[in-house]
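Please examine the structure shown below. The account that follows leads through selected parts of one chain and then turns to its contact with another.

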Amino acid sequence: MIVDNEWAVEARGLVKVFGDNRAVDGVDLNVRAGSIYGVLGPNGAGKTTTIRMLATLLRPDAGSARIFGHDVTKESQVVRQLIGVTGQYASVDESLSATENLIIFSRLLGLGRAEAKRKAVELLEEFGLMEAAKRPLKNFSGGMRRRLDLAASLIAQPPLIFLDEPTTGLDPRTRAQMWETIRRLVKTGSTVLLTTQYLDEADQLADRIAVIDRGHVVAEGTVDELKASVGTSSLHLRVQQTQDLEAARRIAERVLRVQTSVSSEAAKMTAPLADADLTADLLIALREEGIRLAEVSVQKPTLDEVFLTITGHGVKDETADSAESKELEAAGV
Amino acid sequence: MRSNTVQLSNRSSFGQSIRNSLTMAYRGLLKIRRTPEQLFDVTLQPILFTLMFTYIFGGAISGDVASYLPVIIPGILVQTVITTSVVTGVQLREDMDKGVFDRFKSLPIARIAPLAGALLADTIRYTIATTLTFAMGYVMGYRPEGGLGFVVLAALMVIVCAWAISWIFAFFGVIARTASSVQGISMMVLFPLTFLSNAFVPTATMPRWLQWFADVNPISHLISAVRELTNSGTAGWDMVISLIGAAVIVAIFAPITVRAYMRRT
């Protein structure tokens, strides 16, 4: 076995500089074989650049990385035999049909003519791409192209698969299908390293998560560890009569034993929800006081909150320079 | 899951390079089949140029059109096919900007394959241009004395040389930022090479310095080689020089193009 190595990915101090932008600035990653590892971060954080270095598409300026023990720069051709890459922008040929794409990739990977054809049909069926089998891909949706891209990464059944933002821009249904496929992959023994901007995606799929910001890994751990560090969900209540808001707030602070914040124009109150079980007590107390509610909701921490907690700055103040570093990432590609 | 115990190799063998390149050439052919309109230039240019230049220069240079045909057809042929090879560089640039090249780079294939394959597929363009030029000549009354066999041989030689020269334009394609700049640089190289040659006029009528250039110009040697083959059925020095020239171009430009392509990743 080639893949008896315990670590699928071991990266030490990876650095990539584009001009004077340190896109990746000393990233360490350890991915255990057979797991799903999520790299979470906003646009321009350096996720794509990191993946491109690990996938031999970009040479690191400093640091080193090993894939199943093989160095990405010194043994790049060996590493390429162990990985599959699905990029952020579908890396398939849009002027060709799905079948033609898969046959070409299969042939390049050393499959015989008949074998390549069989493999193509098998993957098209598995990924629900039969309608794109004969016609050029440019006539089909982004979701189908993305699925074909993933299918193409699986031809050689590589032990490690890189997925760069596999669901960005997909509709919820296609997204759920993609998640299902990724879970199935790991069941067959593959290791998956995926990047995402969505906390819930990392939550749904990953065993461990690294949060990356401005080229640095700012937090690393299991999903639960990360969530615990971010804090709790929050309870949002809106009352029907604005004059009830103060009373509702007093009751909430008494029952939940926490500080709350109110916004009187919206007749809305927000309270951190450390113990979900207390919610029932609060609702009963409100009913006893005759306070009628217009809306109740619970919100999980968002990526903004994760960032605010971990990095001390939000995602939003970065939009200006993240657009810029995105461009630089594209230019370096 | 891979469960074999095969030793993974960090180098691709020669056989694998050939196989990968042929697969990439197959991809190029599929792309041409999907968008046949990209063959407009190789179909229209030979027809247009052959008609135009023969009737414009025929009387002035050789007295009449019929006696100009053995001179002009080989000239037009080489000029048209070499011009066609510029398109290779332009299309390579466009192709490389697409996401699919990322996948080619991440696959364990020979690094030269995506380039060699694209160049190989383009020989279909040279074949079309060559066939049409000879066909136009035939329609206009050109009867090569060398016979069909030597015409085919001449056609093969031109296609091989055009493939070799296309490595130069492929290099520009890899290093240039945009497809239009590839077109620009290539045309600047191409025009002096094809026009400052013996393609349209005997070099004896040129000023001495220009005559010197036209005589050493490799394109002139290629044209002379085609003329010898088609008009008298002989394979002479010019053919040897042309083929050596083609080999030298590939030996220089193929490695530096692949290196530039690797560095762009």
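In H8(B), the residues Val182(B), Ser186(B) and Thr194(B) are buried. The model in which they are found is a predicted one. The cover over the buried residues of H8(B) includes three helices of chain B, namely H3 (65-96), H7 (147-175) and H10 (218-232). Helix H8 of chain B itself spans residues 179-195, 17 residues in total. From its first C-alpha to its last, H8(B) reaches 24 Å, close to the 24 Å expected at 1.5 Å a residue.

Two packed helices are described by the angle between their axes and the distance between the axes. For helix H2 (residues 40-62) and helix H6 (residues 123-139) of chain B, the axes come within 9 Å and cross at roughly 30 degrees. Because angles under 35 degrees count as roughly parallel, H2(B) and H6(B) are roughly parallel to each other. Their crossing is right-handed. On the side of H2(B), the contact is made by Val42(B), Thr43(B), Pro46(B), Ile47(B) and Thr50(B). H6(B) contributes Arg125(B), Ile128(B), Ala129(B), Leu132(B), Thr133(B), Met136(B) and Gly137(B).

Chain B provides 25 residues to it, and chain A provides 33 residues. On the side of chain B that touches chain A, the elements giving two or more residues are helix H1 (14-34) and helix H4 (100-106) of chain B. H1(B) gives the most to this side, with 7 residues. The residues of the side of chain B that touches chain A divide into 8 nonpolar, 9 polar and 8 charged.

Technical notes. Residues are numbered from 1 along each chain as its sequence is written. Chains are lettered from A and ligands numbered from 1 in the order in which they are written. This is a predicted model: local features need pLDDT of at least 70, side-chain atom pairs count only at pLDDT 80 or more; totals for chains, interfaces and linings use all residues. Axes are lines fitted to C-alpha atoms, for helices over the stretch in contact, and angles run from 0 to 180 degrees between N-to-C directions. Helices (H or I, at least four residues) and strands (E, at least two) are DSSP runs, numbered from the N terminus. Angles under 35 degrees count as roughly parallel, over 145 as roughly antiparallel, 65 to 115 as roughly perpendicular and the rest as oblique. A crossing is left-handed if the near helix is turned anticlockwise from the far one by less than a right angle, and right-handed if clockwise. Two residues are in contact if their C-beta atoms, placed from the backbone, lie within 7 Å. Ala, Val, Leu, Ile, Met, Phe, Trp, Tyr, Cys and Pro count as nonpolar, Asp, Glu, Lys and Arg as charged, and the others, Gly among them, as polar. The expected span of a helix is 1.5 Å times one less than its number of residues. A residue is buried if 20 or more other C-beta atoms lie within 10 Å of its own, exposed if 12 or fewer, and partly exposed in between; C-beta atoms are placed from the backbone.
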